[in-house]
Amino acid sequence: MKKIFSLMLVLLMFVSLSACSSSDDTGSTGGDSTIKIGTIGPLEGDYSVYGIAVRNGADMAIKDYNEAHGTSYTLVAYDSKGDSTEAVNAYNKLVDEDGITALVGATLSGESIAVASASQGIGTPIISPSATAADFTLVGSNVFRGCYTDPFQAQVVAEFAHDTLGAATAAILYETGSDYSKGLTDTFTKTFEGLGGSVVITEGYNTGDVDFNTQLTKIQSAGADVLFVPNYYKDDALISKQAKALNITSTIVGGDGWDGVLSSVDNAADVEGAIFVNHYSPDNATIIELTDRYKSTYGVDANAFAVLSYDSTTMLLEVIDEVGTDADAIIAGIAAKKYDGVLGHMEFDANGDPIKDLSYITIKDGAYVTYTK
């Protein structure tokens with residue numbers, strides 16, 4: 001009898017330990033009300049500044065929301081490495097293994113379109129804080145974005161150059177292998193020339209190039225009023241530095257890919273005077289409070305993607321609290337949402353694109369400063 005009793009005791013302890021180990025990766029048990037939100041973006045490599053910003057912005061939003069509302073949302077983040085196939089693999093894992101309720105992402109436009117396409121037939125509610133390519137929200141009714149589109153930003157930059165800066169001529173230097181860069185170039189050209197301006201020279205370069213002197217020498221000879229540089233910040237920094245070395249006097253203008261450019265220069269004078277369109281004003285008091293807290297939390301400066309991710313995630317959590325976790329209800333809730341966040345008011349058009357303000361930022365004395373809104 002003692003042996004039988006001992007065996008039963010061991011079996012009971014085994015069952016108890018097994019039950020305790022059945023929690024998921026958030027530490028919650030089957031009876032917990034944790035809701036998982038996924039995010040995807042490059043966390044290493046050339047574009048990691050964007051993916052890390054989206055992840056951190058979502059993380060901060062979820063922590064703030066949980067503290068304010070007593071909820072238990074958790075974030076599950078995966079590295080896309082800036083590759084569309086990796087992003088789709090990460091999405092499938094988030095759905096099949098992690099059981100996410102919604103996705104904040106992906107980060108870059110190409111990977112976001114790939115993930116949105118993979119979501120068709122599954123119906124995951126998706127909002128990307130940063131996918132600016134026009135085609136992204138056309139993939140399906142479950143797809144939204146928190147940022148404005150590439151065609152819109154290129155259009156307003158062209159209007160700004162012509163109407164506000166008084167430019168009659170423009171030069172362009174863009175990355176030929178980038179959908180983002182090419183898309184901005186096409187729309188800028190169409191808009192600027194439609195206003196009566198003239199794009200006098202358009203030069204391209206290959207992905208990975210670091211020497212732009214051949215193209216910039218031709219641009220210098222053209223003598224345009226503005227130089228449109230619609231690329232990502234690392235290339236923009238090099239182009240601006242080399243343009244100044246050649247004494248090019250054209251006012252340099254660009255898109256939101258310029259955000260973060262100061263982190264990529266040793267001397268801020270290399271990008272002094274450049275003007276680019278962005279999603280927020282860096283000297284807004286509400287933004288300053290958020291970005292200061294972000295830096296103290298994550299040890300890096302916040303960029304536009306971080307703030308967009310914060311707002312997009314908070315909006316998503318509000319919707320889930322209002323309508324529950326059913327995917328169709330969340331999608332309908334986002335479509336009807338009128339949200340007021342750190343970036344101001346935001347609602348969505350029929351395509352899932354936001355109706356919101358934007359700002360023009362200039363670099364002055366080594367800092368980002370609002371030029372106009």
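## Nonpolar cores

The largest nonpolar core holds 69 residues. Among them, Leu173, Phe188, Phe192, Leu216, Leu227 and Trp258 touch the most other members. A nonpolar core here is a set of buried Ala, Val, Leu, Ile, Met, Phe, Trp, Tyr and Cys residues joined through side-chain atoms within 4.5 Å. Buried means under 20% relative accessible area, exposed over 50%, and partly exposed in between, with a 1.4 Å probe and protein chains only. A second, separate core has 20 residues, including Tyr65, Ala102, Phe144 and Tyr339.

This is a predicted model: local features need pLDDT of at least 70, side-chain atom pairs count only at pLDDT 80 or more, and totals for chains, interfaces and linings use all residues. Residues are numbered from 1 along each chain as its sequence is written, and side-chain values use heavy atoms, with hydrogens and water left out.

Phenylalanine 192 has contacts beyond its neighbours within four places in sequence. They include Ala158, His162, Thr169, Gly197 and Val199. Contact means heavy atoms within 4.5 Å.

## Parallel strands

Strand S8 (residues 226-228) runs parallel to strand S9 (residues 251-254), joined by three bridges. Valine 226 faces threonine 251 of S9 in this pairing. S9 also pairs in the parallel sense with strand S10 (residues 275-278), over two bridges. There, glycine 254 stands opposite phenylalanine 276. Strands count as paired if DSSP finds at least two bridges between them. Helices (H or I, at least four residues) and strands (E, at least two) are DSSP runs, numbered from the N terminus.

## Largest pocket

Of its 26 lining residues, Gly260, Asp301, Ala302, Asn303 and Tyr368 are the closest to its centre. Helix H9 (285-298) gives the most to the lining, with five residues. On a 1 Å grid over the protein atoms alone, a pocket is an open set of points where a 1.4 Å probe fits, with protein on both sides within 12 Å along at least five of seven lines; lining residues have an atom within 4 Å of a point.

## Alanine 106

Alanine 106 sits in the loop between strand S3 (102-104) and helix H4 (109-118). It is buried, because its relative accessible area is 0%. Its contacts include Ile40, Val115 and Pro129.
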